[in-house]
Amino acid sequence: MNVKQKTIKGEISVKGVGLHTGANVTLTFCPAPENHGFKFQRIDLPGQPVIDADCDNVTDTARGTTISQNGASVSTVEHVMASLVGMDLDNVLMKLDGPETPIMDGSAIQFLEALESVGTVLQDIDREYFTIPHNITYTEADRKVEIVAMPLDDYRFTCMIDYNSPVLGSQHAGISSIAEFKKEIASCRTFCFLHELEYQLQNNLIKGGDLNNAIVIVDKEVTKDELDHLAKIFNRNAIDVAPQGILNNMELRHQNEPARHKLLDMIGDLALVGVHLKGHIMAARPGHAANVAFAKKIKAAIKKEKNKKVQHVYDPSVKPLYDVVQIMNILPHRQPFLFIDKILELTKTYVVGAKNVTMNEELFRGHFPGAPVFPGVIQIEAMAQTGGILVLSTVPDPQNYLTLFLKIDNVRFRAQVTPGDTIVFRCDLMEPMRRGIAQMKGVGMVGEKVVVEAEMMAQIVKVKDSEKTA
């Protein structure tokens, strides 16, 4: 049974301070349409730029995960992203009036509880999953980091940390399903070592840091004067070291809370892949840099699998959705510039069309007549006409519209197309259409082989007083 995409029922805001910037910020979670994904919007900046929550937009992982796009940045996104995954959501816009998400109590629980308070709603379009097809590995030998994703029909995590600390020791954490996130992981807070805290305080790196939003692990001998100094900085009457080897400002929520928090961070960082994952993720000594690098590796695997996947098993005996006469009732193109013979599939988000390449086409008289090759520019035009069917399906009178190119990017010709081949084109919307503008990813295949791919932007324009051509 297909799983539908999901968003929240209404807006909900949380307020707090940014851990590193010290800025007081308000983060508002807003419902978003199908295929929107997770995006941040800096409403405090001119033009209110939007930043896609995407691993390709990560610009810093030094003390948290920062994403940047369109001249704007948002820092420390990992806890927010983890809460969205933990709530099993697909489409949310997060409006932020500052440069960093609020740290809250150092975990994801308050974000998750805010989302729970407004509830969720199913949407009309099916969710996309990427099931790990084979072991995907990432290692950093110098830091002894190892991460592997293995095939599994669920989303499972196992995490081990080891900082060579006699206090912290080696810790393990795991969940057998993402459904356990709220109970087992969401409330686990960030942590740091006392020597790191002192360095960050001295260098003004945690302007919003407080003993209420981090577990401080005491990994060295500490004098009463040092503790009194910390108490003064954080406006406390007194600070001491608890038997567990942490500052006594708080009690651990789990004996292995640091390992569980590292797992939380990993879930949040891997959410930047952009699709729901199915697999078992096992990690030793993960961190934000490694998590993001691993997310990019998974994203590359997704792209590779999509390119390998047969877009349509072409069976010439199956009746098409639209034949060439029906296509001419939608598109304004006519011979010799109509390059689509059949439409095989059409949904709200993608279209599949076919082009039969034959030797008797007029273009072969002049294009390499001794060694006929179907021109790449004509392949792009055929792909665009296929996408035009998808775009024009959004209006009730497509014969009164034209589809005009605005931009073509990332064009790749991967193999020759010759007479006798049938190219099957698939065009997918990259994001919902807005103001008649569509952004599509197109792939053309001959059999199981990708021959062409491109990203296209087009706009539909109504032609006044146009007449339907027979």
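In these legends, helices are DSSP runs of at least four residues, numbered from the N terminus. The model shown is predicted.

**Figure 1. Histidine 261 in helix H6.** Helix H6 spans residues 257–270 and holds histidine 261. With a relative accessible area of 1%, histidine 261 is buried, because buried means under 20% relative accessible area. Leaving aside residues up to four places away in sequence, histidine 261 touches His79, Gly106, Cys188, Arg189 and Thr190.

**Figure 2. The annotated binding site.** An unreviewed UniProt entry places the feature "binding site" at His79, His261 and Asp265. These positions are spread over 187 residues of sequence, yet they cluster in space, with a largest C-alpha distance of 9.5 Å. Of this set, His79 belongs to the lining of the largest cavity.

**Figure 3. Histidine 79 in helix H1.** Histidine 79 is found in helix H1, which covers residues 78–86. The relative accessibility of histidine 79 is 4%, so this residue counts as buried. When residues up to four places away in sequence are not counted, the contacts of histidine 79 include His261 and Asp265, both named in the UniProt feature. Histidine 79 also touches Ile103, Gly106, Ser107, Ala108, Phe111, Thr190 and Leu264.

**Figure 4. The largest cavity and its lining.** One cavity of 30 Å³ or more is counted in the model, and the largest cavity holds about 30 Å³ of space. Its lining consists of Thr76, His79, Thr101, Pro102, Ile103 and Phe111. Three of the lining residues are nonpolar and three are polar, with no charged residue among them.

Note on methods: Residues numbered from 1 in each chain as written. Predicted model: local features only at pLDDT ≥ 70, side-chain atom pairs only at ≥ 80, totals over all residues. Heavy atoms only, no water. UniProt positions renumbered as here; feature names shortened; annotations may be inferred. 1 Å grid on protein atoms, 1.4 Å probe; cavity = no way out; pocket = protein on both sides within 12 Å on 5 of 7 lines; lining within 4 Å. Helix = DSSP H or I, 4+ residues; strand = E, 2+ residues; numbered from the N terminus. Buried < 20%, exposed > 50% of the residue type's maximum accessible area, 1.4 Å probe, protein only. Contact = heavy atoms within 4.5 Å. Points joined across faces, edges and corners; volume = space filled by probe spheres on them. Nonpolar A, V, L, I, M, F, W, Y, C, P; charged D, E, K, R; others polar.
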